[in-house]
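Dear colleague,

Please find below the structure that I am handing over to you. My notes on what was found in it follow directly after.

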Protein chains: 2
Amino acid sequence: MVKIADFNALDPAEQQPLFLHLKAAQQVELLMAMPIAERKIWMRVLDPDDAVDVVQGVPPSERAGLLDLLDRFSRNEVTALLAYAEDSAGGLMSPRYVRVRPDMTAAEATNYVRRQSARSAGRTVETIHYAYVLDVEQKLLGVISCRQLLSSQPEVLVSEFMSTNLVVIHEQMHEKEVAKTFSLHPYLALPVVTTDGRMKGIVTLDDVVDVVHEQHTKDIQKMGGSEALDEPYLKIGLTKMARKRGSWLMALFIGEMFTASAMGYFEAEVAKAVVLALFVPLIISSGGNSGSQASTLVIRAMALGEVTLADWWKVIRREVVTGLMLGALLGLTGLIRIMLWQGVFHTYGEHAVLVALTVALSLVVIVLWGGLAGSILPFVMRRLGFDPATACTPFVATFVDVTGLIIYFSLAKVILVGTML
Amino acid sequence: MVKIADFNALDPAEQQPLFLHLKAAQQVELLMAMPIAERKIWMRVLDPDDAVDVVQGVPPSERAGLLDLLDRFSRNEVTALLAYAEDSAGGLMSPRYVRVRPDMTAAEATNYVRRQSARSAGRTVETIHYAYVLDVEQKLLGVISCRQLLSSQPEVLVSEFMSTNLVVIHEQMHEKEVAKTFSLHPYLALPVVTTDGRMKGIVTLDDVVDVVHEQHTKDIQKMGGSEALDEPYLKIGLTKMARKRGSWLMALFIGEMFTASAMGYFEAEVAKAVVLALFVPLIISSGGNSGSQASTLVIRAMALGEVTLADWWKVIRREVVTGLMLGALLGLTGLIRIMLWQGVFHTYGEHAVLVALTVALSLVVIVLWGGLAGSILPFVMRRLGFDPATACTPFVATFVDVTGLIIYFSLAKVILVGTML
């Protein structure tokens, strides 16, 4: 966090690089703390795509004021960019890029690129590495790299050496898809076009990295059982944070309410064998943990394209084997724990062996069940057309809690009938 | 997943771009399915940093065989790269980059760059955009961009227009730090140097994006309560997967064992008021969920630099207010649920109001406690010198399960004494 006093204390030569590399939220904070005259200078330093982020970062009532600080050309660019959804390719792109015509010679193009580059000197990376070949209708025909310009014979035409094997991004494409497109191709920048092929701007890989980090934050927050905050933890209003956390906490709470109903159904058994209640948290949390593991691994593997719908049977087979191994491990540990305590403290009464067996067997079945439920759910969701996000992991745990209780008490009824029940 | 038959069926012009953009694991699979002669052709197509990944992807016994397929120059490069840890800057870098001398003129440098570029034509992005200025000892003095070469007067010396304000990466730097360095600077490639400033190679932003994705997968897997798999879900051996999942499941299980001890401590109370047991899963899971939320949000905010150690008091204040709001929400819902069921089904006996109060108050306290525990733990970990990773989120839930039980039954003893207890 850079304070305005610290910023003002900097050497002017250090201010610009610092300012340009700050996140939009930080730039907004500094700008709003400046007198108008300085604010104007710094707004004009920003590339149009960064200026858009700043304008979107202030309250709507302040936006027109900020736009007015820009020169007319930039204001038009920024206004055009503001029309795009923030999470679309149009919202990510810069409208500034180097363009050439197909019928220029390499020498003419070099000259032309040099002049366009000079204008953007000192700015960020956007305009540097590729020049795009457009026809008179702004339709994208090809791309040439700076290296190609250096290596071409001066008299050869751009159309003869440009690459026409183009990867393009549609202006309305969601930023997640943009990130995916970049991950599939080894380019540092890609052109953004309209449906009829007119070029609107470029997206560079560094913008995409920010998208990837944001997405990561959202994924993790949802996996932690909360709606994505979309604002820094210390900045978001408390009621807003409570609302975002409360909605999910409430949904999970309502799911967990079925545990009270499930246990209520077995209340007579609990009354007769109170010892059974002691292991309820241990057993259901183990099922929940096993379910979280499986759903997390399968959903992530789906997101990475390692697992597809067609692999459902392979996944189930893997989870059956793994679930049995893990269940046996936990069941055996539980058995040993109970017998050990029984031997030392005589904690669990005359039927301790049967109790231990019930707990151990329940652990095997519930850990297996957790793994199966957690791995099948993502397939069901995808089959129904939903995107199985890691967001559903907390719900898997809740589902396994409820069903795990039923499994535990049903097994207890079978094993303990005639002795404790 | 590309099968060798599909690959062979492709037009030769399509094979190369496809092959170059596959992940190393896929390249290994295709290579191992080819006859030696073809394998040699495709090994030689790879850039040295990609060849390293392939060599590391085959069993140790096969490695020498693959290295022998390379020409001597590349073999030396690859062997040098193999000496670096896979997750270090050296393990990420390409040893191929364009170099110039400081006492060349712009015209000489352009010529020199052109010749070096021609040699790497058709390769991936590595060598394209910057030329590095090295002295006779290979020490890095500066960098010039392709754009600067285009715009310079032919007779000016490289040393006069090169940028000397350099961001460099040390060859032993961990890949996570490399990713962080890129996120702080707007460059698409950075030079890798030794401690005494000799240049060893370059890392490009697209390699870093892969690191970020891998890191994301690890974070998510750990948050799901499993060790990071480090291999695709469908490829990893079942015993290996069971070991990676089992170690964490076991750790959580051992933590949860304390719930049995805690409940055992209150066994007499449970026997007298069985109805208390019915709400155990509901109450402890709500505490666990609240704890997961708070720890996830705080840990992520720390990782993003939004929250520092000095903010501990701000965080606690926020969590107290949020926890009270969320606790009140859940407590009230629980109260209504119990009174409603009591009104309709008479489920909870003559002291239902007191039971409802106990549950509601416990929810308030435990949700608050979960939020506090979940947000304080990351500060404690960081203070002790550990990196609080989202990995500890499942353990927070376990900790809150155990302590939540104690809170619940202690409150019950106070509220229900003289009536049910």
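**Contact between the chains**

In this predicted model, 95 residues of chain A are in contact with 95 residues of chain B. On the side of chain A that touches chain B, 51 residues are nonpolar, 30 are polar and 14 are charged.

The two chains superpose with an RMSD of 0.1 Å when chain A is laid on chain B by a turn of 180° and a shift of 0.1 Å along the axis. This is the relation of a two-fold axis. The same surface serves both copies, as 100% of the contact residues of chain A recur in chain B.

**Nonpolar cores**

The largest nonpolar core comprises 115 residues. Those with the most contacts inside this core come from both chains: A:Ala277 and A:Ile283, together with B:Val270, B:Ala277 and B:Ile283. As for B:Ile283, which residues does it touch, not counting those up to four places away in sequence? They are B:Val359, B:Ser362, B:Leu363, B:Ile366, B:Gly404 and B:Tyr408. A second, separate core has 72 residues, among them A:Tyr132, A:Leu149, A:Ile169 and A:Ala189.

**Domains of chain A**

The domain assignment divides chain A into domain 1 (4-83), domain 2 (98-221) and domain 3 (238-416). Between the C-alpha centres of domain 2 and domain 3 of chain A, the distance is 51 Å.

**Strands of chain A**

Strands β2 (residues 130-134) and β3 (residues 140-145) of chain A run antiparallel and are joined by 5 bridges. Within this pairing, A:Leu134 has A:Leu140 in β3(A) as its bridge partner. The two strands form a hairpin with 5 residues between them, and A:Gln138 in the turn has a positive phi of about 70°.

Chain A also contains an open sheet of 3 strands in the order β4-β5-β6, with mixed pairing. Which strands stand at the edges of this sheet? They are β4 (169-170) and β6 (199-204) of chain A; each has a single partner strand, so one side of each is left without a neighbour in the sheet. Strand β5 (residues 189-193) of chain A pairs with β6(A) in the antiparallel sense over 5 bridges. In that pairing, A:Leu190 has A:Val203 in β6(A) as its bridge partner.

With kind regards

Note on methods
Residues are numbered from 1 along each chain as its sequence is written. Chains are lettered from A and ligands numbered from 1 in the order in which they are written. This is a predicted model: local features need pLDDT of at least 70, side-chain atom pairs count only at pLDDT 80 or more; totals for chains, interfaces and linings use all residues. Two residues are in contact if their C-beta atoms, placed from the backbone, lie within 7 Å. Ala, Val, Leu, Ile, Met, Phe, Trp, Tyr, Cys and Pro count as nonpolar, Asp, Glu, Lys and Arg as charged, and the others, Gly among them, as polar. Copies are superposed by least squares on the C-alpha atoms of residues with pLDDT of at least 70 in both. A nonpolar core is a set of buried Ala, Val, Leu, Ile, Met, Phe, Trp, Tyr and Cys residues joined through C-beta atoms within 7 Å. A residue is buried if 20 or more other C-beta atoms lie within 10 Å of its own, exposed if 12 or fewer, and partly exposed in between; C-beta atoms are placed from the backbone. Domain bounds come from an automatic or database domain assignment. Two strands pair if DSSP finds at least two bridges between them. Helices (H or I, at least four residues) and strands (E, at least two) are DSSP runs, numbered from the N terminus.
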